[in-house]
Every structure is written in structure tokens, then in C-alpha cells.
Amino acid sequence: MQKNSRIALVTGATSGIGEATAKLLAAKGYQLIICGRRAKRLASLEKELTQYTKVHTLSFDVRSSSEVRAAIESLPSEWRNVDILVNNAGNAHGLDPIQTGSEADWDAMIDSNVKGLLYVSKAIITGMIARKSGHIINLGSVAGKEVYTNGNVYCASKFAVDALTKGMRMDLNPYGIKVTAIHPGMVDTEFSLVRFKGDEERANKVYQGLTPLFATDIADTILYVLSRPAHVVIADLVVLPTAQASATVVTRTS
Ligand code: NDP
Ligand code: 8X3
């Protein structure tokens with residue numbers, strides 16, 4: 001078992017990028033607070049990861065400021081000093097033109113991708129400021145750098161993550177807190193299944209004819225960002241599969 005005294009809180013650890021990140025950081029000995037709404041998945045992940053490191057589980061919905069506050073306040077004293085926050089929880093809901101988009105989808109994206117990130121950050125930042133140290137990693141997206149057709153509100157939510165990351169880095173600069181944004185292109189996770197509301201055929205088509213990124217690729221990137229020396233912060237990274245040149249340019253072999 002590798003030892004690392006740092007405590008990392010990962011939101012959205014029940015699948016995809018968050019789950020892969022939790023697994024990699026656990027293998028590297030980081031102590032982990034794993035979060036998500038699906039408590040059963042968290043319980044089985046906790047069981048798996050405890051062979052490597054200490055794990056604490058928090059099940060809450062990032063869209064609810066009161067749930068977020070209660071969850072963070074419930075942390076036992078030995079888990080309170082969170083060194084690393086990976087703001088990963090989030091999803092796209094729908095892929096529709098602005099004129100026919102669903103308000104429920106808009107709410108879900110803005111409430112989780114933007115407001116949820118803010119609520120969790122606020123709850124954690126107070127302690128980081130008091131200790132004058134910490135590292136916040138926000139999961140943006142290529143969709144937060146370029147808008148694509150029908151991406152409207154999802155893109156806006158990720159543009160907001162980009163702006164918030166820059167703002168956080170400025171506001172937290174006097175306290176020695178590092179702030180990083182990682183902006184992946186296409187990653188084969190449950191992302192498209194959620195976007196298309198469980199339509200597997202449609203979700204699978206997104207990754208057909210190309211080799212997408214895998215969640216482990218982004219977990220590797222997160223580990224790289226975390227393992228830079230104290231005087232180095234990776235501020236902003238766009239990570240694409242080789243087959244993807246931009247939000248809209250992708251080469252498929254079939
Ligand atoms: P997944 O759907 O596999 O994972 C999303 C995670 O977010 C789940 O663990 C889910 O947990 C959690 N989550 C979603 N909504 C909430 C909520 N309201 N409260 C708490 N947790 C929530 O997708 P990815 O791993 O791909 O996505 C992770 C992040 O990466 C997202 O922010 C996404 O926008 C971003 N991203 C993804 C890309 C991709 O192509 N896959 C590309 C660029 C960025 P649970 O349902 O248990 O609550
Ligand atoms: C996820 C990548 O291109 O589907 O953020 O929006 S994309």
C-alpha cells in the first residue's frame with residue numbers, strides 16, 4: 001500500500017471519470033472522500049478501495065445547497081482537512097435546439113454543472129483558506145471552449161466552469177490554493193447514456209468509428225496535475241482523443 005497523507009474529495013465518483021480518478025488516487029495512497037447520489041455504487045467502491053487506502057463516503061445531490069452543506073459538515077474531524085477537491089460531478093441532459101430544449105434539462109445542467117460546483121467549492125474552500133493550502137480541479141469540457149450545434153445550455157454550463165475556474169484562481173491566489181481546469185473531449189463513460197436518457201443505441205453511436213478517450217486517461221491527467229511540485233500549477237488543459245480536433249471536427253473510420 002502506497003502512503004500519501006493528502007485527502008482528496010471526488011464528486012461524481014459513482015461512474016466514469018470520477019470513479020476512475022478515485023481508483024487511481026486510491027492506488028497511489030491518497031485518502032479519499034467519494035461522493036455521488038447512487039449510494040449502492042459508493043458502498044461497493046468504498047469496499048474495493050479500502051484495500052489501498054482510507055475511504056469515507058458521502059452521498060448527496062450537488063444541486064442542493066443544504067445537502068452539500070450537511071454532507072461536508074458531517075465529516076468526522078480526521079476527514080475535515082480536505083487537501084484536494086475534484087469538482088467532477090455533472091452531466092449533459094439532452095441535445096436539442098434552443099427553441100425546443102426542455103426547461104427541466106436546462107435546470108438539471110445549470111444546477112449540477114454550475115451551482116453544484118459552486119456549493120461544493122464554497123463548503124471546502126473555507127478550510128483551505130484557513131490552512132492556506134489546497135488544490136481544486138474543475139472538470140470543464142471542450143464544450144466549455146467551443147459551442148457546438150444543439151450544445152447551447154450544456155456548453156454554457158461548461159463555459160461557466162471555465163470562467164469560475166479563472167475567477168477562483170484569482171480570488172484564492174493570496175491563500176496559496178491551486179486551481180486547475182481540465183477540459184476533455186469525447187470520453188466514453190455514462191455521459192452520453194445520461195444525455196440521451198438511457199437510449200443505448202444513440203449513446204453508443206457517439207463513440208462509433210473512433211477511439212475515444214477513456215475515463216482512465218482523464219484520471220491520469222488529474223494525477224499528473226496533482227503531482228507537480230508545490231510551486232507549479234497547471235492552470236488549464238484541453239485533452240482530446242487523437243481522432244478529435246475540436247468540438248466539431250472528428251475523424252471516424254466507419
Ligand atoms: P458520467 O455520467 O459517467 O458520471 C457523472 C458523475 O456525476 C456520476 O458519478 C454522477 O453520480 C455525478 N453526478 C451527476 N449529477 C449529480 C448530482 N446532481 N449530484 C451528485 N452527483 C452527480 O460522466 P463523466 O464521467 O463523463 O462526467 C464527469 C464530468 O466530466 C462531468 O462534469 C462532465 O460534464 C465532464 N466531461 C465529460 C466528457 C465526456 O465526454 N464524457 C467530456 C468533457 C467533460 P450520481 O448519478 O451517482 O449522482
Ligand atoms: C463532453 C464532451 O463534446 O459531448 O463535455 O460536449 S461533448
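Which residues does Ile34 touch, not counting residues up to four places away in sequence? In this predicted model, Ile34 touches Val10, Ala13, Ala22, Leu42, Leu45, Glu46, Val55, His56, Thr57 and Leu58, a contact being heavy atoms within 4.5 Å. Local features need pLDDT of at least 70 and side-chain atom pairs count only at pLDDT 80 or more, whereas totals for chains, interfaces and linings use all residues. Residues are numbered from 1 along each chain as its sequence is written, and side-chain values use heavy atoms, with hydrogens and water left out.

Ile34 also belongs to the largest nonpolar core, which has 32 residues; Leu32, Ile34, Ile218 and Ile222 have the most contacts inside it. A nonpolar core is a set of buried Ala, Val, Leu, Ile, Met, Phe, Trp, Tyr and Cys residues joined through side-chain atoms within 4.5 Å, where buried means under 20% relative accessible area (1.4 Å probe, protein chains only). At least two residues of this core come from each of β1 (7–10), α1 (16–27), β2 (31–36), α2 (39–49), β4 (84–87), β5 (134–139) and α8 (215–226). Helices (H or I, at least four residues) and strands (E, at least two) are DSSP runs, numbered from the N terminus. The most is given by α8, with seven residues. Another core, of 25 residues, lies apart from this one and includes Ile7, Leu58, Leu75 and Leu85.

In helix α3 (residues 65–73), the buried residues are Val68, Ala71 and Ile72. Seen down the axis of α3, they fall within an arc of 95 degrees (taken from the directions from the helix axis to the C-beta atoms), so they line one face of the helix. These buried residues pack against β1, β3 (55–59) and α4 (103–131).

Two cavities of 30 Å³ or more were found. A cavity is a set of points on a 1 Å grid over the protein atoms alone where a 1.4 Å probe fits but cannot get out, and lining residues have an atom within 4 Å of a point. The volume is the space filled by probe spheres set on the points, which are joined across faces, edges and corners. The largest cavity has a volume of about 70 Å³ and is lined by 14 residues, with His93, Gly94, Asp96, Met109 and Asn152 nearest its centre. Helix α4 gives the most to this lining, with three residues.

The second largest cavity holds about 40 Å³ of space and is lined by Thr11, Val62, Asn87, Asn88, Ala89, Ser112, Gly116 and Leu117. To this lining, too, α4 gives the most, with three residues.

Notes: Chains lettered and ligands numbered in written order. Buried < 20%, exposed > 50% of the residue type's maximum accessible area, 1.4 Å probe, protein only. 1 Å grid on protein atoms, 1.4 Å probe; cavity = no way out; pocket = protein on both sides within 12 Å on 5 of 7 lines; lining within 4 Å.
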